[in-house]
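Subject: A structure to look at

Dear colleague,

Here is the structure I promised to hand over, and I would be glad if you opened it before reading on. My notes on what I found follow below it.

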Amino acid sequence: MQKLIQLFKKLSLLLTAIVLLGILTATAINFWVLWRGSRHLLSSIEQIPVGSIGVVLGTSPGGGKHLVINPFFEARMDAAATLYHSGTVYHLVLSGDNRRADYNEPSSMKEALKHRGVPASALTLDYAGFRTLDTVARAHRVFQVQKPVIITDDFHIARALFLAEAEGAEALGFASAPIPWRRSYKTRVREWASRVRAFLDVYILGTQPHFLGETIQLPQPSTPETADPTE
């Protein structure tokens, strides 16, 4: 019996050490991703180069039988519309999940931005943005955006920029207005695990997008020479 007790104590200590090591590793990875990504985060619209292309990361607009509005969706759409109307971002790529016929994030984003005064001609929909990794890779490889302005939540933006840097894009980040902690704490906690997965995707697994396809040419910014005098 004494030997069993000693063995149990050793196993308990080993398990505790493993758990602590896991927590420390996850914390270190989170700080690494935050540091790498936050270097490219902008604090004001004035820092965005005129003639930029924005890449808006998708999320569910909300709804359902209780008609619950997703505050993250609304904040991202507000930020994207603000950048467009400021004149710094002339075109927006709306990238989200559309893997099911009854779920279409890009189309929901398009309608929300049209309601905010952004013309359809300034919007390109990317239906294969299943994950943040897919979105940034497709923006770079499929839509040929070399210097995107990524638009998403304040806690999500560092991971998106980290993945964009790993992809080879010279991305900048613009965070939407923060959602109060009481409404966002669950998502913020999940983001810790998402950063660990992003780290593994980049450095260990070499994860690639689910789908790429042929390149798509986006409109060029208007210049005095190309502008339509009738508009």
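The accessible surface of the protein chain comes to about 13200 Å², and 61% of that surface belongs to carbon and sulfur atoms. Please keep in mind that this is a predicted model, and that the values below were computed from it. Of the 231 residues in the protein chain, 40% count as buried, and the C-alpha trace spans about 90 × 40 × 35 Å along its principal axes.

The protein chain has 6 helices and 7 strands, which run from the N terminus in the order α-β-β-β-α-β-α-β-α-β-α-β-α. If you look at contacts between residues at least 6 apart in sequence, you will find that 75% of them join residues at least 24 apart.

Let me turn to the interior. In soluble globular proteins, nonpolar side chains tend to be buried together. The largest nonpolar core here has 24 residues, and those with the most contacts inside it are Val 93, Phe 143, Ile 150, Leu 163 and Leu 218. Two or more residues of this core come from each of α1, β1 (52-57), α4 (132-141), α5 and α6 (181-205), and α5 gives the most, with 6 residues.

What does Val 89 touch, once its neighbours within four places in sequence are left aside? Val 89 is in contact with Ile 48, Ser 52, Ile 53, Gly 54, Leu 83 and Tyr 84. Val 89 lies in strand β4 (residues 89-95) and has a relative accessible area of 1%, so it counts as buried.

Thr 135 has its place in helix α4 and, because its relative accessible area is 2%, under the 20% cut-off, it is classed as buried. The side chain of Thr 135 is joined to that of Ser 95 by a polar contact of 2.8 Å, and, apart from residues up to four places away in sequence, Thr 135 touches Val 55, Leu 57, Ser 95 and Gly 129.

Arg 76, which is found in helix α2, is the other one. Is Arg 76 buried or exposed? Its relative accessibility is 5%, so Arg 76 counts as buried. A polar atom of the Arg 76 side chain lies 3.1 Å from the backbone oxygen of Gly 58. With neighbours within four places in sequence set aside, the contacts of Arg 76 are Leu 57, Gly 58, Thr 59, Ile 151, Thr 152, Asp 153, His 156 and Ser 176.

Finally, I come to the aromatic rings. The structure holds 5 aromatic pairs, and one of them is formed by Trp 32 and Trp 35, a tilted pair with 5.5 Å from centre to centre and 50 degrees between the planes. Both of these residues lie in helix α1 (residues 2-38), 3 residues apart, which is about one turn of the helix. Trp 32 is partly exposed, with a relative accessible area of 35%, and Trp 35 is partly exposed as well, at 46%.

Another pair joins Phe 72 and Phe 155, and this pair is edge-to-face because the planes of the rings stand at 90 degrees, with the centres 5.8 Å apart. Phe 72 lies in helix α2 (residues 71-86), whereas Phe 155 lies in the loop between β6 (149-152) and α5 (157-167), so the pair ties together parts that are 83 residues apart in sequence. Both Phe 72 and Phe 155 are buried.

Phe 162, Phe 199 and Tyr 203 form one aromatic cluster, and the charged end of Arg 39 sits over the ring of Trp 35, at 5.1 Å from its centre.

With best wishes

Methods: Residues numbered from 1 in each chain as written. Predicted model: local features only at pLDDT ≥ 70, side-chain atom pairs only at ≥ 80, totals over all residues. Heavy atoms only, no water. Phe/Tyr/Trp six-rings, centres within 6.5 Å; stacked < 30°, edge-to-face > 60°. Helix = DSSP H or I, 4+ residues; strand = E, 2+ residues; numbered from the N terminus. Buried < 20%, exposed > 50% of the residue type's maximum accessible area, 1.4 Å probe, protein only. Lys NZ or Arg CZ within 6 Å of the ring centre and 35° of its normal. Core = buried A, V, L, I, M, F, W, Y, C linked by side-chain atoms within 4.5 Å. Polar contact = N/O pair within 3.5 Å; in protein donor to acceptor, adjacent residues only side chain to side chain. Contact = heavy atoms within 4.5 Å. Areas by Shrake-Rupley, 256 points an atom, 1.4 Å probe, with all protein chains shown as cover.
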